[in-house]
Amino acid sequence: SGQKDCAAVKVVLVYICGSLTPRPGKSVCKNVLVAKNAAKYVAGLCEYTGTGTNARLSKICWPVCPHANTGYMYGRIPEEVAKLGNDALVKASEVLLVIGDITDSSGSKEEVRLAKKMSIRVFTGFVGLEKWFRNL
């Protein structure tokens, strides 16, 4: 079972941008969990054409969740290595979704600046992302 013609499906890569390093009362694990939950929501954004047995995927959002990588590497790899890797992921994405408060996160703010410089759409909430996606 499943759709055989994947080439006909529009795939939108959505970079999940949020603080990794903990603020008071938070932890790296908590921040990773928040990002993973956002990624689950993003992965749920999909549209079909047709109905019943003729239903076929027409477009999907696919999350790029750097927290799933760097959360486990926090403190184990040089920060510049994580930054270079995450910058490459931002550049490969069509959309950047900001989750949570990033006012104290220099890394997240830098990712937003990079996305804007690359003319990548930036959303600060699920509603805007979903509305944009539905109107593609």
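Is Glu-110 buried, exposed or partly exposed? Partly exposed, at 32% relative accessibility. Keep that residue in mind. One caveat before going on: this is a predicted model.

Let's start with the helix around that residue. Glu-110 sits in helix α4, and so does Arg-113, 3 residues along. That spacing is about one helical turn. The two side chains form a salt bridge, with the closest N and O atoms 3.0 Å apart. Arg-113 also counts as partly exposed, at 48% relative accessibility. In general, side chains of opposite charge can pair when their charged atoms come close.

Now α4 as a whole. The helix has 12 residues. From first C-alpha to last, α4 reaches 16 Å, close to the 16 Å expected at 1.5 Å a residue. Which residues of α4 are buried? Ser-108, Glu-111, Val-112, Leu-114 and Ala-115. Look down the axis of α4: its buried residues fall within an arc of 160 degrees, so they line one face of the helix. What covers them? The cover includes β1, α3, β4 and β5. On the other side of α4, Ser-106, Lys-116 and Lys-117 are exposed.

Next, what follows the helix. Just after α4 comes Ser-119, with a positive phi of about 60 degrees. Ser-119 is not a glycine, yet its phi is positive. For context, most residues other than glycine have a negative phi. Where is Ser-119 placed? In the loop between α4, residues 106-117, and β5, residues 121-123. Ser-119 is exposed, with a relative accessible area of 66%.

Back to charge pairs. How many salt bridges does a search of the whole structure find? The search finds 6. One of them joins Lys-10 and Glu-94, at 3.1 Å from N to O. Lys-10 lies in strand β1, residues 10-17. Glu-94 lies in the loop between α3 (79-92) and β4 (95-98).

Now a pair in another helix. Glu-130 forms a salt bridge with Arg-134, with the closest N and O atoms 3.4 Å apart. Both residues lie in helix α5, residues 126-134. They are 4 residues apart, about one turn of the helix. Glu-130 is partly exposed, with a relative accessible area of 24%. Arg-134 is partly exposed too, at 33%. Which residues are linked with this pair in a network of salt bridges? Glu-47 and Lys-59.

Last stop, Asn-31. This residue sits in helix α1, residues 28-43. Asn-31 has a relative accessible area of 10%. The cut-off for buried is under 20%, so Asn-31 counts as buried. What is Asn-31 in contact with, leaving aside its neighbours within four places in sequence? Ser-19, Leu-20, Thr-21, Pro-22, Lys-26 and His-67.

To recap, with the structure on screen. α4 has its buried residues along one face, and exposed residues on the other side. Ser-119 takes its positive phi just after that helix. Asn-31 is buried in the model.

Methods. Residues numbered from 1 in each chain as written. Predicted model: local features only at pLDDT ≥ 70, side-chain atom pairs only at ≥ 80, totals over all residues. Heavy atoms only, no water. Helix = DSSP H or I, 4+ residues; strand = E, 2+ residues; numbered from the N terminus. Buried < 20%, exposed > 50% of the residue type's maximum accessible area, 1.4 Å probe, protein only. Salt bridge = Lys/Arg side-chain N within 4 Å of Asp/Glu carboxyl O. Expected span 1.5 Å × (residues − 1). Arc of directions from axis to C-beta. Contact = heavy atoms within 4.5 Å.
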